[in-house]
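Open your viewer and get ready to click along. Each stop tells you what to select and what is there.

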Amino acid sequence: MLSSEAIRHIVIVTYSANILLGIISLTFYGITIATNPYLTVGESFTFKGGGLIKIFSSLANITIGILGIVGVVQNWRILLKIIVCILACAVVTNVVILVMHLTNRNTLTKSDINEYREKLTKQYGEDEGVTSFLNNGQEEELCCGWSGDEKENLFLQSPWYKLVNANVTGKKTTLPDSCCLEPGPKCQQAENLKEAREKKYVHKYDCLTKISNKDAFYDLMISLWAVFTSLCQAMCVASTMVSIMGPAE
């Protein structure tokens, strides 16, 4: 049977792990939000989609971890009992959130795709805000196009295409610089978008494809993180209960 000192060390380790998870998740969510201020990529990571709640949750984990260690070191059983109740609720909450997340993932809907297509075909090159938004997205995400189809070049249907080729008599410009791995005629005047991608003149993926792939990755990370956090919190509950039920010092 483990001694009370050994149990105390185990409890401290579990709470330390909880603090570490909180710090990692806080850093991860903070960086993700700071580096994706404009795209609707993985809205579960934005302030709009609950990123702020996740940051507060991470801070709560860190605080509970610190209080748990203090409670164990000082043998404050009332504090430990309160923490056990909070963590038990947190485990249940995490499981519920995980189930909700898996059943309601942030994926691009047909409406989202149509919205991007409409912005490009009707406003790109004419509306400065939309043009800047789409160009920034392509440069940041290293992608080209907003149709969801690697073969389709919607720029040919945009006001930009008419504007940039208004006085051109020779080969026309078909893609903006933001689409190009290296700006030049092989990219800018590409007639076949799929072929230009394969020859590495143009970014490999359509932006909506890139967003969907990133969302899928984020979904996986969120799910795994929820599982790890729940396990860590459950271990804190179990080890603390063992400590509480031990003989008082």
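Contact means heavy atoms within 4.5 Å. Keep that cut-off in mind, then select Thr 209. Thr 209 touches Gly 148 and Glu 150, leaving aside residues up to four places away in sequence.

A word on what you are viewing. This is a predicted model: local features need pLDDT of at least 70, side-chain atom pairs count only at pLDDT 80 or more, and totals for chains, interfaces and linings use all residues. Residues are numbered from 1 along each chain as its sequence is written, and side-chain values use heavy atoms, with hydrogens and water left out.

**Stop 1: the helix around Thr 209**

Select residues 207–245. This is helix H9, and Thr 209 is found in it. Helices are DSSP runs (H or I, at least four residues), strands are too (E, at least two), and both are numbered from the N terminus. Is Thr 209 buried or exposed? Thr 209 is buried, with a relative accessible area of 18%. Buried means under 20% relative accessible area, exposed over 50%, and partly exposed in between (1.4 Å probe, protein chains only).

**Stop 2: the whole chain**

Now show everything as a cartoon. The chain has 9 helices and 0 strands. Of its 249 residues, 40% are buried. Take contacts between residues at least 6 apart in sequence: 67% of them join residues at least 24 apart.

**Stop 3: spans from the record**

UniProt, in an unreviewed entry, places "transmembrane region" at residues 6–31, 52–72, 78–100 and 220–245. Such annotations may be inferred rather than shown by experiment; feature names are shortened, and positions follow the numbering used here. Select residues 6–31. The span is 100% helix, and its end C-alpha atoms lie 38 Å apart. Then try residues 220–245. That span is 100% helix, with end C-alpha atoms 38 Å apart.

**Stop 4: H4 against H5**

Select H4 (residues 110–123) and H5 (residues 128–141). Which residues of H4 meet H5? Tyr 116, Lys 119, Leu 120 and Gln 123 in H4 meet Val 130, Thr 131, Phe 133 and Leu 134 in H5. The residues of this contact divide into 5 nonpolar, 2 polar and 1 charged. Here Ala, Val, Leu, Ile, Met, Phe, Trp, Tyr, Cys and Pro count as nonpolar, Asp, Glu, Lys and Arg as charged, and the others, Gly among them, as polar.

**Stop 5: Glu 140**

Stay on H5 and pick Glu 140, which is found there. Glu 140 is exposed, with a relative accessible area of 55%. The C-alpha atoms of Glu 140 and Ser 178 are separated by 9.3 Å, though the two residues are 38 residues apart along the chain.

Definitions and conventions
Axes are lines fitted to C-alpha atoms, for helices over the stretch in contact, and angles run from 0 to 180 degrees between N-to-C directions.
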